[in-house]
Amino acid sequence: MLSAFGRAFRTPDLRRKLLFTIAIMALFRVGSLVPTPGIDYGNVQECVAVLEGSTSLLGLVNVFSGGALLQLSIFALGIMPYITASIIVQLLRVVIPRFEALHKEGQSGQSKLTQYTRYLTIALAILQSTTIVTTARTGVLFPGCQVDVVADDSFMTAAFMVITMTAGTGLVMWLGELITERGIGNGMSLLIFTSIAASFPSALWSIAGGANGPLNFIVMLVVIVVVIGLVVYVEQSQRRIPVQYAKRMVGRRMYGGTSTYIPIKINMAGVIPVIFAASILAIPGLIAQFGDQTADWVVWISNNLVQQSDPLYIVLYVLMVIFFAFFYTSITFNPDEVADNMKKYGGFIPGIRAGRPTAEYLDYVITRITSAGSLYLAIIALIPTIVLVVLGVSTNIPFGGTSILIIVGVGLEFVKQVDSQLQQRHYEGFLR
């Protein structure tokens, strides 16, 4: 693989793409460290130390921003508004026929949906930045911290902070699209990879402190290596459904008669179910921060739905991951649509009649595979948390096993992209 990287850098146009991608990722990290005008940077650092290890919704979003959210930097919101907007637009395809029609129109329709996603991203950025600035001014963002993080409490300062964070989100979105167009790989995925990878080593290294620190660090490192191997194995696995196309005459030419397959991944939903489940379970803890801390419902939430090691939290987490895995897969893969397209072009699954029987067979296969994939997602997400509980370590690996899932998944996709670029130039790729 290292020799293949060397060949990639010796190819002029591929080297330019790689260097451009690395430069954008570095620029993204620099922007994550630039504080938003109007905050007291020293007090922010003091409050971040108090809140370190938080598992709240803001702590979750902080992982996707590479620590920029709690630093109140110009890239505080990171890529999360764009991710949320993309998911919303995908879900709206189910309830808005216009969006589904645009999705089927091809490149022009996809461009229109992308434009809607951009508008929605800016709207969500305004809403989220207003929330962040308000919670920072009232002290809710950093519970337990006694110093003020906003130097000037005036309306103009707050408005300027909201505008700055919203502009930062627009810039991050533009940087991601630049990578997709002029670099290598999916720009948004690489920016998420950069954010998580930036905060992952420090959280992992913090396990080495305290009693039995070196032993805990080694155990956790071994667990992470095993989880990475499991993720690579499962993400590369797929069920191949054979498809045969009948021969047909078009004019004087014979078409069809070929055999192919439909590749169905075990984990078709990706990390979306885990993100949904963790986000929803973090909302009660966020709401409880605004309530009376001595109230019964606040105490119950704090005891059952805040820590990832709580039994009720784990049970609800697993159930939500399974539910959202089925829900998201049903949106992204429509057996009826696939069966109709196969029938239209003369394709059929050997032993299965075209039309409704094919759709029912595909639905049967998808249901079985998604059952295994949802359990796989839940197990991967919980393994680091369970190991930390067994070791008696209070420090949380950022976002649980999902961090590993995202890092490995994006890394594999990036390697495939570079490999395809090398193969186009008649070089030996990464995958032999």
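**Notes on a predicted model, point by point**

1. Let's start with the big picture. The protein chain has 17 helices and 5 strands. Keep in mind while you look around that this is a predicted model.

2. How much of the chain is tucked away? Of its 432 residues, 46% count as buried. The accessible surface of the protein chain comes to about 21,700 Å², and carbon and sulfur atoms hold 63% of that area.

3. Now think about who touches whom. If you take the contacts in the protein chain with a separation of 6 or more, 70% of them are between residues 24 or more positions apart.

4. You'll find Phe-142 in the loop between helix 8 (107-138) and helix 9 (155-182). Is Phe-142 buried or exposed? Phe-142 counts as buried, because its relative accessibility is 3% and the cut-off for buried is under 20%.

5. Next, move along to helix 9, where Glu-177 lies. Glu-177 has a relative accessible area of 16%, so Glu-177 is buried too, by that under 20% cut-off. Which residues does Glu-177 touch? Setting aside its neighbours within four places in sequence, Glu-177 is in contact with Thr-114, Arg-118 and Met-188.

6. The axes of helix 6 (residues 80-95) and helix 7 (residues 97-104) come within 6 Å and cross at roughly 110 degrees. Angles of 65 to 115 degrees count as roughly perpendicular, so that's the label for helix 6 against helix 7. On the helix 6 side, the contact is made by Val-89, Leu-92, Arg-93 and Val-95. From helix 7 come Pro-97, Phe-99, Glu-100 and His-103. Sorted by class, the contact of helix 6 with helix 7 has 5 nonpolar, 1 polar and 2 charged residues.

Note on methods:
Residues numbered from 1 in each chain as written. Predicted model: local features only at pLDDT ≥ 70, side-chain atom pairs only at ≥ 80, totals over all residues. Heavy atoms only, no water. Axes fitted to C-alpha atoms, helices over the stretch in contact; angles between N-to-C directions. Helix = DSSP H or I, 4+ residues; strand = E, 2+ residues; numbered from the N terminus. Parallel < 35°, antiparallel > 145°, perpendicular 65-115°, else oblique. Contact = heavy atoms within 4.5 Å. Nonpolar A, V, L, I, M, F, W, Y, C, P; charged D, E, K, R; others polar. Buried < 20%, exposed > 50% of the residue type's maximum accessible area, 1.4 Å probe, protein only. Areas by Shrake-Rupley, 256 points an atom, 1.4 Å probe, with all protein chains shown as cover.
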